[in-house]
Amino acid sequence: MDLDAFEKKLNTLEVEFMRSQQMFCQDVLKLRPGQRAVISNGRILGPFEEQDEFTVEDFQLLERITLSGSAEKVKAKVKQMGIKSKQASDLIMKVDALLSAVPNGEVRRDISFKDTQSVLHLSPLENEVFYDVVAIVDPLTREAQKISSLLIVLSQVVNVKLQVFMNCRAKLSELPLKSFYRFVLEPDVAFLANDTASPGPVARFMELPESPLLTLNMITPESWMVQAEHSLHDLDNIHLQEVNGVVAAEFELEHLLLEGHCFDLSTGQPPRGLQFTLGMSQDPLMYDTIVMANLGYFQLKANPGAWILRLRKGRSEDIYQIITHDGTDSPPDAEEVIVVLNSFHSKIIKVRVQKKAEKINEDLLSETSESKGIWDSIVSVWSTFEMR
């Protein structure tokens with residue numbers, strides 16, 4: 001750098017301009033006094049350490065990287081607009097900074113189908129904005145069963161131009177699908193004539209074959225516990241030839257699963273046999289679980305609401321203490337672990353525990369205590385037989 005030219009230019013700048021630059025570096029860039037950084041079209045490099053050097057070659061490389069992105073294309077467009085040089089430079093900087101902040105996405109590729117007999121077309125509403133949706137599916141797959149229902153609901157919710165291409169396999173040795181599937185999803189909440197909500201969405205299976213033995217079950221997210229509440233028939237063994245009328249079943253979402261992984265902070269291994277309880281302040285022991293030796297996995301039944309996770313009273317609470325936790329709704333170092341289930345999505349937490357100082361040599365699953373307990377029970381049973 002030509003220091004004389006830099007100092008001469010610096011002396012021509014107004015004090016207010018320098019103060020505004022100082023506030024920008026302090027409040028926006030979060031730079032402390034004396035720290036160095038380089039800004040290029042919204043990209044911040046730094047702050048640098050005292051021993052770091054940013055040479056002329058580094059500036060040249062930064063310029064090539066900036067131009068190879070969107071800056072060169074923006075520059076060409078701005079030139080076509082005929083804007084003055086200084087205003088054009090500022091506009092290029094602002095547009096390129098905005099574009100560089102947006103994550104890169106895949107470029108849309110238009111697909112044209114030559115075979116019109118294998119394509120299903122659904123035209124959008126005229127003179128309205130629409131989504132262009134193209135689906136390529138093999139109709140004899142489980143994925144096609146799911147996506148067909150989703151596309152039907154999507155066409156009822158938004159304006160779409162839909163094209164479904166049937167990409168069938170040329171040869172089949174057997175029928176790939178051996179099940180009948182319905183995706184239970186409604187485009188909107190339905191109400192009855194008296195303005196009350198409907199009992200819920202329904203899946204109907206019509207004209208099923210009567211000879212095979214059928215089974216009715218639900219495929220739900222892993223964190224859902226769904227069970228059949230009411231049914232007059234054995235849903236595992238449905239023989240339609242022996243049924244008069246309709247086979248009906250009502251399923252209910254009974255619980256949401258709270259899943260997690262637990263590790264001993266000292267050893268890095270799962271504390272096998274450690275027990276957790278989940279409850280509320282009035283009823284702290286509503287559900288319990290044991291930490292599995294495989295990856296320290298545990299799961300607890302719950303429902304929407306705020307829950308408190310604790311170590312089970314007894315050997316778990318006497319030997320271990322909770323040190324930190326992630327994915328919960330309380331501070332990581334809080335003794336009381338609060339977990340809020342406020343959606344139907346799965347929630348996975350991580351809990352790290354550690355043995356108390358005075359219990360460092362204690363074993364949660366002591367073999368001596370277990371063998372003694374089994375022996376005592378055998379002796380007790382034998383004594384009972386002798387008394388008789």
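A salt bridge is counted here when a side-chain nitrogen of Lys or Arg lies within 4 Å of a carboxyl oxygen of Asp or Glu. The model is predicted, so local features need pLDDT of at least 70 and side-chain atom pairs count only at pLDDT 80 or more, while totals for chains, interfaces and linings use all residues. Residues are numbered from 1 along each chain as its sequence is written, and side-chain values use heavy atoms, with hydrogens and water left out.

**Exercise 1.** Find the salt bridge partner of Glu317 and describe the accessibility of both residues.

Solution. Begin with the pair itself: Glu317 forms a salt bridge with Lys313, and their closest N and O atoms are 3.8 Å apart. Next, apply the accessibility classes, in which buried means under 20% relative accessible area, exposed over 50%, and partly exposed in between (1.4 Å probe, protein chains only). Glu317, with a relative accessible area of 31%, is partly exposed, whereas Lys313, with 69%, is exposed.

**Exercise 2.** Determine which parts of the chain are tied together by the salt bridge between Asp288 and Arg312.

Solution. In this pair, the closest N and O atoms are 2.6 Å apart. Helices (H or I, at least four residues) and strands (E, at least two) are DSSP runs numbered from the N terminus. Asp288 lies in strand β9 (residues 287-290) and Arg312 in the loop between β11 (305-311) and α6 (315-319), so the bridge ties together parts that are 24 residues apart in sequence. Asp288 is partly exposed at 41% relative accessible area, and Arg312 is partly exposed at 23%.

**Exercise 3.** Locate both ends of the salt bridge between Arg315 and Glu362.

Solution. The closest N and O atoms of Arg315 and Glu362 are 3.8 Å apart. Arg315 is in helix α6 and Glu362 is in the loop between β14 (347-355) and α7 (367-387), so that the pair links distant parts of the chain, 47 residues apart. A search of the whole structure finds nine salt bridges.

**Exercise 4.** Describe the backbone at Pro47 and at Asn127.

Solution. Start with Pro47, which is found in strand β2 (residues 43-48); a cis peptide bond joins Gly46 and Pro47, with omega about 0 degrees. Then turn to Asn127, in the loop between β3 (119-122) and β4 (131-137), where phi is near 60 degrees, a positive value in a residue other than glycine. At 81% relative accessibility, Asn127 counts as exposed.
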